[in-house]
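Colleague: I have a model open and I'd like to learn how to read it. Can you walk me through a few features?

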Amino acid sequence: ALIIIAIAIAISVSLFRSNAIEGKRDILIEETTTLGTMAIQYYKKPQELGGGGQSFLGWKIPAQMNQTPNGNFMTANIAANEVRIVGTGSEVVTGNDSIKVETVVTPINLYTIIIN
């Protein structure tokens, strides 16, 4: 009976950890998507109104979004027609590997790549 209980506890801990990692990854994807939407708004807004005027150059991650309880978003590679936002989560998957996602933003498209 003790062996069965020990196995059940081990499986429960493993499932809880998996769900926690998946939940943090989903939140990280949501936050990078929000930043991507902000970048698209900047792209579409005329320069006279403080936007990029059909360019992402000049856009940056707002200071209050650089670091959240869920992760770090200080990395953004910005080109005229593309922004790549990398979010590194606060949850460690294995060893020293943290949850990491990259959201790629273009004028007409936004998609996320799960790195870890």
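Modeller: Start with the hairpin: β1 is joined to β2 through two residues. Strands here are DSSP E runs of at least two residues, and helices are H or I runs of at least four, numbered from the N terminus.

Colleague: In which sense do β1 and β2 pair?

Modeller: Two strands pair if DSSP finds at least two bridges between them. Strand β1 (residues 67–68) and strand β2 (residues 71–79) are antiparallel, over two bridges. Q67 sits opposite N72 in β2. Keep in mind that this is a predicted model, where local features need pLDDT of at least 70, side-chain atom pairs count only at pLDDT 80 or more, and totals for chains, interfaces and linings use all residues. Residues are numbered from 1 along each chain as its sequence is written, and side-chain values use heavy atoms, with hydrogens and water left out.

Colleague: Which residues have the most contacts inside the largest nonpolar core?

Modeller: In soluble globular proteins, nonpolar side chains tend to be buried together. A nonpolar core is a set of buried Ala, Val, Leu, Ile, Met, Phe, Trp, Tyr and Cys residues joined through side-chain atoms within 4.5 Å. Here the largest one has 17 residues, and L35, W59, I61, V83, I85 and V105 have the most contacts inside it. Its largest share, seven residues, comes from α1.

Colleague: Is V13 buried or exposed?

Modeller: Buried means under 20% relative accessible area, exposed over 50%, partly exposed in between (1.4 Å probe, protein chains only). V13, in helix α1, is exposed, at 55%. I27 is also in helix α1 (residues 2–44), and at 34% I27 is partly exposed.
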